[in-house]
Amino acid sequence: MLPVDLPDTVRDALLAPLVDHACHGVRRDELTRSRFELLLNEGGSPAPPGTTHFDTPLGAAVRRWCAPVLGLDPHAPPPVYLSRRAELGAAEVNRLLLRAAGVSAFLVDTGPEGADLLTAGEMGRDGGAAADEVVRIEQIEQDVAELASGGGTVLDYLAGLGDELTARAARAVALKTAPAGRCDLDLDPGRPSRGAVLAAANRRLADP
């Protein structure tokens, strides 16, 4: 049930099955206030002295919409909200919030993989939804380059990259690349020559 009156078309759209097409795994660990606040800020920087990220639009939305899912009043004060999270524990908080989101399928970008993040399978289990992996190409390349830099040749690196992408793609719903985050958008969209690829691979392995 939606908490406000909306036009029928908007209500129908919001109540339709939702697919989160580019999410990340949520944190599985317990979070201090300072670590939690960093997650309220896309830039990952602390709030200026005397302020809090809980007063940003995202922070206000968390307290408005997430607090009631955890059994609190809307707009619960930050200490009360964080205390309730600690009382329930991270696993139960994740289960409650993921299921309340109304998402029928999670497509999980596994680029920022880590032991502190839920896997795609765990996201589906906790959210009571379908879940598939979106493979981040840069992460695959980074893993392969680290192995090749230990003594492999450029040709080994390129072959390994192709093999690993093929293997990961076989069990993924999509591939994703985010070059702007690494080298801006000043990219030549044309297909590079093999010579250019070999030269770039040499530079990559020489200075990982």
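Trainee: What share of the residues of the protein chain count as buried?

Mentor: Buried means under 20% relative accessible area, exposed means over 50%, and partly exposed is in between (1.4 Å probe, protein chains only). Of the 208 residues of the protein chain, 31% count as buried. Keep in mind that this is a predicted model, where local features need pLDDT of at least 70, side-chain atom pairs count only at pLDDT 80 or more, and totals for chains, interfaces and linings use all residues. Residues are numbered from 1 along each chain as its sequence is written, and side-chain values use heavy atoms, with hydrogens and water left out.

Trainee: How many helices and strands does the protein chain have?

Mentor: Helices (H or I, at least four residues) and strands (E, at least two) are DSSP runs, numbered from the N terminus. The protein chain has 10 helices and four strands. Reading from the N terminus, the order is α-β-α-α-α-α-β-α-β-α-α-β-α-α. The radius of gyration is 21 Å, well over the 17 Å that the globule rule gives for 208 residues, so the protein chain is more spread out than a compact globule. That radius is taken over C-alpha atoms, and the globule rule is 2.2 Å times the number of residues to the power 0.38. Along its principal axes, the C-alpha trace spans about 60 × 45 × 30 Å.

Trainee: Which residues make up the largest nonpolar core?

Mentor: A nonpolar core is a set of buried Ala, Val, Leu, Ile, Met, Phe, Trp, Tyr and Cys residues joined through side-chain atoms within 4.5 Å. The largest one here has 12 residues: L31, F36, L40, F54, V62, A67, L70, L72, A76, Y81, L82 and V93. Helices α3 (57–69) and α4 (78–88) each supply at least two residues of this core. Apart from it lies another core, of 11 residues, including V144, A145, L161 and A172.

Trainee: What does Y81 touch?

Mentor: Contact means heavy atoms within 4.5 Å. Not counting residues up to four places away in sequence, Y81 touches F36, F54, V62, C66, A67, L70, L72 and L97.

Trainee: Which residues of α3 are buried, and what covers them?

Mentor: G59, V62, R63 and A67 are the buried ones, and their cover includes α2 (33–39) and α4. After α3 comes G71, with a positive phi near 90°. In the loop between α3 and α4 you'll also find H75, whose phi is near 65°, a positive value in a residue other than glycine.

Trainee: How many salt bridges are there?

Mentor: A salt bridge is a side-chain nitrogen of Lys or Arg within 4 Å of a carboxyl oxygen of Asp or Glu. By this rule the count comes to 13. One of them joins the side chains of D55 and R63 (4.0 Å, N to O). D55 counts as exposed because its relative accessibility is 61%, whereas R63, at 13%, counts as buried.

Trainee: Where do E92 and R95 lie?

Mentor: An α-helix has 3.6 residues a turn, so residues three or four places apart point the same way. Both E92 and R95 are in helix α5 (residues 90–100), three residues apart, about one turn of the helix. Their side chains meet in a salt bridge (2.9 Å, N to O). Elsewhere, R27, D29, R35 and D116 are linked in a network of salt bridges.

Trainee: What do the buried residues of α7 pack against?

Mentor: In α7 (residues 137–148), the buried residues are E138, Q139, I140, E141, V144, A145 and A148. These pack against β3 (130–136), α8 (154–170), β4 (174–176), α9 (180–183) and α10 (194–206).

Definitions and conventions:
The expected span of a helix is 1.5 Å times one less than its number of residues.
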